Amino acid sequence: MFVIRLFLFVVLVFDAYGKHEEYIGWKSYYVELKSETQLKTFKSLITKCEIDVLVHPIIGREGIVIVKPENQKTFEKEAKAEDIAFRIHVNDIKRHLDYDDKILERHRRNSMTKTNGRPLPYDSYQEIDVINDYLDYIGETYPNVAKVVDAANSFEGRPIKYIKISTTNFEDETKPIIYLDGGSHARERISIPPVTWAIHKLVENVTEHDLLERFDWILLPVINPDGYQFTFTTNRLWRKTCSNDQHLLSTVCLGVDANRNYDFYWNTAGVNDSPCSDTYPGSKPFSEVETRVVRDILQENVHRMALYISFHSFGSMILYPWGSGNLPPNAVEMHDIASAMAEVINKHSIPDFPRYYAGNLALMLGNEVSGNAEDYAYNLGVPLSFTVNLPYPIVTNSLEGYLLDPKYIGQVCRETWEGLIVGARKAGDHFKDKNR
Ligand SMILES: [Zn+2]
C-alpha cells in the first residue's frame with residue numbers, strides 16, 4: 001500500500017511540475033506598429049529573433065508576440081532602435097500556462113465534459129474524442145440532414161471526421177456549398193468551437209432556416225487532430241502536425257505547418273525550411289494526410305462551392321487572397337463581404353475584444369504566406385475564400401490565463417455565427433448571379 005501511495009505521490013508531483021517547463025523564462029510583449037517602415041522592421045525581427053506571433057499586430061493596433069529568453073535582449077534593443085513601441089504582456093509564460101491548465105481541470109471536473117458528446121459543452125476546450133463523439137452523435141440522431149464522413153486517419157491514426165449537412169442529401173447540384181474548417185494550427189483551440197457551433201445552429205437549434213434550405217454545408221472542425229491532442233498532453237503552444245517522416249531531423253522536430261503545406265506557390269514565402277521551425281512547409285506539397293483531406297474535399301466539391309472559410313487565431317481579422325499581397329480580380333467584392341461580416345460581428349461583440357477588420361492576407365499581416373489553404377481554395381475556383389482570425393481580449397490587467405480563457409468560447413461562437421449568417425447569404429447571392 002505504501003509503495004502504491006509513494007508511486008502516486010511521485011506521479012502527481014511530476015505531473016504538477018513537469019509541464020510547460022520549456023517555457024520557463026519566455027515572455028510575451030505587446031507591440032504597436034505605427035508605419036509601413038515599422039511593419040517591415042517587425043517582419044525582419046520575426047526571423048531574426050525567432051518571434052512567435054500570438055496576436056497579429058496591424059498598423060495602429062497592438063499585437064502580442066512571444067520571445068524566447070535568449071532573444072529577448074536583441075528584440076528589445078532592436079525594437080527600441082526602430083522606435084517600435086512595446087511593453088510586457090506576460091513575464092512568465094510557464095506560470096500562465098499552468099494557470100490555463102488549472103482552469104481546464106476545474107471545468108473538466110465541474111462541467112458536462114465527457115458526456116458522450118451530448119450536448120457538446122462550450123464552457124471549456126474539448127479533447128478530440130469528445131468532439132468526434134459529438135459528430136457521430138449528430139450523424140446518428142439527425143440522419144436526414146447530417147452525414148459524418150470518416151475521411152482518413154491522421155499521421156498518428158486518429159480519425160479525421162467531417163460532417164455534411166443537407167436537406168437534399170447533397171444531390172441537388174444547383175445548391176451552393178459552404179465549407180468551414182478549424183483546428184489547422186494545433187494550439188489555436190478556439191478555431192474549433194465556431195465550426196461545431198455552426199453544426200449546432202444548422203441541426204440542433206435552427207433559427208436561420210434559409211441557411212439550411214438554401215445551402216449544402218461541409219464542416220471539418222479539426223483538421224489536425226494529432227497536433228490538437230498534443231496541446232493537451234505535451235506542448236500547449238504546439239502549432240504543427242505530428243508527422244515524423246518528412247526529413248532526417250523530423251524524428252527530433254516533429255510536424256509540418258499545415259497552413260503552409262498546400263500546393264500553391266508552396267515553399268516560396270513566409271516559411272522556414274528547418275523542420276524544427278514552426279513554419280516548416282513539409283518535404284513537398286500535401287505531404288500531410290491532414291491537408292490532403294482538405295484538398296480532396298475541395299476538389300470534389302469546388303464546382304458548386306460558394307464560400308470557403310478557415311478559422312485561425314488570433315487577431316480579429318477577416319482575410320482574403322492572395323498570400324503574396326497581390327489582389328485577385330474580385331478582391332473588391334471579397335472585401336465588401338468580409339467587411340459586412342466584420343461589421344455584424346463587431347455589433348455583437350464585447351468590449352474585451354478588439355474590433356474586426358477586413359483585408360488582404362499578406363497586407364494585413366505584413367507578411368507573405370505561401371502554400372496556405374485560403375489561396376489554394378481560391379485558385380482552385382472557390383469564388384470567396386477567407387481566413388478568419390478570431391479575437392483575443394486585449395486586457396492589460398488581471399490577466400491570469402494565457403490562451404483565450406474558456407469563459408469567452410460561447411461569446412466567440414455566437415458573434416462568429418452572426419458573421420457567418422451574413423457571409424453565407426451574401427455568398428449565396430453572389431453564386432446565383434454568377435450562375436444565372
Ligand atoms: Zn493559424
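The donor residues of the zinc ion follow the spacing H-x2-E-x123-H in sequence, donors being N, O and S atoms within 2.8 Å of the metal (3.2 Å for Na, K and Ca), with water not among the atoms, so sites may look incomplete. This is a predicted model in which local features need pLDDT of at least 70 and side-chain atom pairs count only at pLDDT 80 or more, while totals for chains, interfaces and linings use all residues. Residues are numbered from 1 along each chain as its sequence is written, and side-chain values use heavy atoms, with hydrogens and water left out.

**Zinc site**

- The protein donors are His185 (ND1), Glu188 (OE), Glu188 (OE) and His312 (ND1), which lie 2.0 to 2.4 Å from the zinc ion.
- Glu188 belongs to the loop between β7 (177-181) and α6 (193-204) and His312 to strand β9 (residues 305-313), so the pair ties together parts that are 124 residues apart in sequence; helices (H or I, at least four residues) and strands (E, at least two) are DSSP runs, numbered from the N terminus.
- Glu188 counts as buried at 6% relative accessibility, and His312 counts as buried at 4%, where buried means under 20% relative accessible area (1.4 Å probe, protein chains only).

**Helix pair**

- Helix α5 (residues 128-141) packs with α6 at an angle of about 20 degrees, their axes 12 Å apart; axes are lines fitted to C-alpha atoms, for helices over the stretch in contact, and angles run from 0 to 180 degrees between N-to-C directions.
- The helices α5 and α6 are therefore roughly parallel to each other, a term for angles under 35 degrees.

Methods:
Buried < 20%, exposed > 50% of the residue type's maximum accessible area, 1.4 Å probe, protein only. Parallel < 35°, antiparallel > 145°, perpendicular 65-115°, else oblique.
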